[in-house]
Amino acid sequence: MNEERADAAVDAVVLDVDGVLVDVADSYRRAIVESVDVVYGETIPKAAIQQFKDAGGFNNDWELTDAAALYVLAAREGYDRDIEAFTDAIADRGGGLDAAEAVVRDALDADDWGVVAERWTPDRLRDVFQQLYLGSDLYRELEDRTPDGDASGYINDEPVLLDDATREALVSEFDIGVVTGRPAAEADIALDRVGLAIPDEHRFTMDDWEEGKPHPKALTTLAERFDAETVAFVGDTLDDVRTAVNADEADPDREYLGVGVLTGGLTGDAGRQKYEDAGATAVLPSINDLPDWLA
């Protein structure tokens, strides 16, 4: 793998948001863990979130929260596998929340599954998540509901990862797009924070497509809109890399390069190896190493 430069001339750069432009370790990931704890009185370790991400199909953090809650509830009813075994089983079934539900349902007898299903409350989990993440004021504004109490919001704890010089280098040389699992309003907040003005037609958020990553639709659509021959997609999860790999297979007239960064949940040599195994074209320490690689 060549990290000195891209072998192909890149026309467009498409960016994920979380773990690439802003650090979400103390925002989205914290909200996952604490939402389950608030609703059920116990939760999973924060480090286990990456195991769900690696299983695939959890681009939506609300759904990852639901799956974590399923694990907690199943364990109470006799499910005796650890989180690694649980997420491996999810991966074996194709990843995502439906797979998590199938794993639990098949592992428990009908009565125990009935107890889990009755106590599992995705709507309540999502509501608590949004209150914790957004804080009281933004929750009122974006959700148009009254919060349970006052909270400052973890969204305010998202350090910017994108340097100003990197931003200027990218926007001056390339068409820039965004593909993110964030809702549109939350994507706006992050993009404003890092100083990127991305028109609606050059971005896909949770609100814009049903399939989600690693489905290639958003990436191939942006490539068409940019009339690009070679697209680099930069992300912080295996599903981001898989999105580029899938786009390359779905759209043989163009080239798609999956670039993983080590500023999200995947870090160090182990993270680098996982990216490479998923088909990454390059693995970079951070988004700020991208201009040199593209040069």
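Contact here means heavy atoms within 4.5 Å. The model is predicted, so I noted the limits: local features need pLDDT of at least 70, side-chain atom pairs count only at pLDDT 80 or more, and totals for chains, interfaces and linings use all residues. Residues are numbered from 1 along each chain as its sequence is written, and side-chain values use heavy atoms, with hydrogens and water left out.

**R254, continued.** I placed R254 in the loop between α11 and β5. Helices (H or I, at least four residues) and strands (E, at least two) are DSSP runs, numbered from the N terminus. Is R254 buried or exposed? R254 counts as buried because its relative accessible area is 19%, where buried is under 20%, exposed over 50% and partly exposed in between (1.4 Å probe, protein chains only). I then found a polar contact of 3.0 Å between the side chains of R254 and D251. A polar contact is a pair of N or O atoms within 3.5 Å; within protein, one must be able to donate a hydrogen and the other to accept it, and residues adjacent in sequence count only if both atoms are side-chain atoms.

**T220.** T220 sits in helix α10 (residues 217-226) and is buried, at a relative accessible area of 13%. Beyond neighbours within four places in sequence, I found T220 in contact with A247, D251 and Y256. The T220 side chain also reaches the backbone oxygen of K217 at 3.1 Å.

**Helix α11.** I checked its span next. α11 (residues 238-250) has 13 residues and runs 18 Å from first C-alpha to last, close to the 18 Å expected; the expected span is 1.5 Å times one less than the number of residues. L238, D239, D240, V241, T243, A244 and A247 are its buried residues. Their cover includes α2 (49-55), α10, β4, β5 and α12 (268-278).

**Sheet.** I read the strand order as β3-β2-β1-β4-β5-β6, 6 strands in an open sheet with parallel pairing. Two strands pair if DSSP finds at least two bridges between them. At the edges are β3 (203-204) and β6 (282-284), each pairing on one side only. Helix α11 packs on this sheet, touching β4 (230-235) and β5 (255-261), and its direction makes about 170° with that of β5. Axes are lines fitted to C-alpha atoms, for helices over the stretch in contact, and angles run from 0 to 180 degrees between N-to-C directions.

**Strand β1.** Which residues of β1 (residues 12-15) are on which side? I found A12 and V14 on one side and V13 and L15 on the other, all buried, with both faces covered. In a regular strand the side chains alternate between the two faces of the sheet. β1 pairs with β2 over 4 bridges in the parallel sense, and L15 stands opposite V178 in β2. β1 also pairs with β4 over 4 bridges, again parallel, with F233 as the bridge partner of V14.
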